[in-house]
Amino acid sequence: MNNPTPVVLVDDDADLLKATAQTIELAGFSVSRFSRASDALVRIDDGFAGVVVSDIRMPEIDGLQLFDRIRKLDPDLPVILMTGHGDIPMAVKAMQDGAYDFITKPFAADRLVQAIRRAAEKRRLILENRTLRDAAELARDNLPLIGQTAAMERLRRTLRQIADTDVDVLVTGETGSGKEVVANLIHRWSRRSKGSFVALNCGALPETIIESELFGHEPGAFTGAQKKRVGRIEYSSGGTLFLDEIESMPPATQIHMLRVLEAREVAPLGTNETRPIDLRVVAAAKVDLGDPSQRGAFREDLYYRLNVVTISIPPLRERRDDILLLFGFFCERAAKRFNRQTPALSSSIRHHLETHHWPGNVRELSHFAERFVLGLAGEDDRAMAPPQATTTLTLPQRLNQHEAEILRETLASNAGDVRRTIEALGIPRKTFYDKLQRHGIERASFHQGIKPDR
């Protein structure tokens, strides 16, 4: 549940201050009331997430002086002035200087509430656009794995712990979740960072080519092999070898790869000579290789050889609080690439960011940010309607959405522990797993992120 928007209310008339505060609170806002502007200023800073409502006629610091000080503190913080008839010219001048609105006394309660609601929405959009800019600054500082959720903090901490251990690592995560970013960070944060980071997508090469790419070959090893070629494995010696989509590696290549991992030596095609290598492998898979039903033709012994440490990257939909930060990073990058200014974040774009399922994860978000910067977002994207459009869902659809959110929140709060989650939900184990399957929720995404080999 969202916290109510804060409102700072200033009026030296005690009775009017109390009555106005009650009106605003009944409308769902959180009110801090002050009889002196100097006390209110202590409550306000440039990160204040709400609205200021102030009378004009007050002793010591009047409403206009308060507005002037707030404008110097944060010119985008909305200030609504309450005025008597004689103060209207002053209020109009204040609006020309940037005040959000003025309301003439006596005023209808609904008039004030509607003004506060509009001002609060404007303030929310302003702060969210600042968040985008802050994310861009973080990106310029090369902060890796942008995210402030507990899952991402654990992931960064885990990567720091294992980077210098030289163990082989298996990275799991859905398509587009950032597996290569994780592999690159393991390399950059290790003492191997001065060596090469060598990447190969096992699903992108046919079986006739992948062995040559991995192991290298001597002249005449096969038709067309006219000169010696150093393979990716040997080239990565002293650095890091990243094997993406390793579940797609052909069975024959898996046998050779297992031998390389066990002996730490490679034999190029066309020769019996073996060459020692200083090898570290980071492999990535978009399926759970520990599950026989998902592993398919992938060798179980190779899985266990790679699975010294497993890193699980949560899907974007399971860390929604990071979406805005990531979106800001991608917008800044796209703005530089296309030489454009980043547009302001509208309510419809924010709604799309908050409610879209993001099946393509971070990669999909990056492409959406590019379309947003180019002014194309919305032309081929659904779910761009403002929040009230969700009422068109049927009751069963809305109940399903709510049930899925409860499952995700309970799993997250219990770090993916099944027993604790089932106890918290108060449902049978079989029912729990049935619901996970129906909603497409992957329990492994809520784990702590590191699983040692047994």
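**Charges and rings in a predicted model**

Trainee: What is the relative accessible area of lysine 93?

Mentor: Lysine 93 has 45%, so the residue is partly exposed. Buried means under 20% relative accessible area, exposed means over 50%, and partly exposed is in between (1.4 Å probe, protein chains only).

Trainee: Which residue does lysine 93 meet in a salt bridge?

Mentor: Aspartate 97, at 2.8 Å from N to O. A salt bridge here is a side-chain nitrogen of Lys or Arg within 4 Å of a carboxyl oxygen of Asp or Glu. Aspartate 97 is partly exposed too, at 31%.

Trainee: Where do these values come from?

Mentor: This is a predicted model, where local features need pLDDT of at least 70 and side-chain atom pairs count only at pLDDT 80 or more, while totals for chains, interfaces and linings use all residues. Residues are numbered from 1 along each chain as its sequence is written, and side-chain values use heavy atoms, with hydrogens and water left out.

Trainee: How many salt bridges are there by this rule?

Mentor: The count is 29. One of them joins arginine 264 and aspartate 168, with the closest N and O atoms 3.0 Å apart.

Trainee: Which partner does arginine 337 have?

Mentor: Glutamate 370, with the closest N and O atoms 2.9 Å apart. That bridge links helix α13, which holds arginine 337, to helix α15, which holds glutamate 370; the two residues are 33 apart. Arginine 337 is exposed, at 59%.

Trainee: Which residues do shared partners join into one network?

Mentor: Asp11, Asp55 and Lys105.

Trainee: New topic, rings. How many aromatic pairs does the search find?

Mentor: Seven, across the whole structure. Rings of Phe, Tyr and Trp (its six-membered ring) pair if their centres lie within 6.5 Å; planes under 30 degrees apart count as stacked, over 60 as edge-to-face and the rest as tilted. Phenylalanine 327 and phenylalanine 372 make a tilted pair, 5.2 Å centre to centre with 50 degrees between the planes.

Trainee: Which helices does that pair link?

Mentor: Phenylalanine 327 is in α13 (residues 323-338) and phenylalanine 372 is in α15 (residues 361-373), 45 residues apart. Both phenylalanines are buried. They also belong to one aromatic cluster, formed by Phe327, Trp358, Phe368 and Phe372.

Trainee: What charge lies over the face of tryptophan 189?

Mentor: Arginine 160, at 3.7 Å from the ring centre. The rule wants NZ of Lys or CZ of Arg within 6 Å of the ring centre and within 35 degrees of the ring normal.

Trainee: Now the whole protein. How many helices and strands does it have?

Mentor: It has 18 helices and 15 strands. Of its 454 residues, 45% count as buried.

Trainee: What share of contacts joins residues at least 24 apart?

Mentor: Among contacts between residues at least 6 apart in sequence, 70% do. Contact means heavy atoms within 4.5 Å.

Technical notes:
Helix = DSSP H or I, 4+ residues; strand = E, 2+ residues; numbered from the N terminus.
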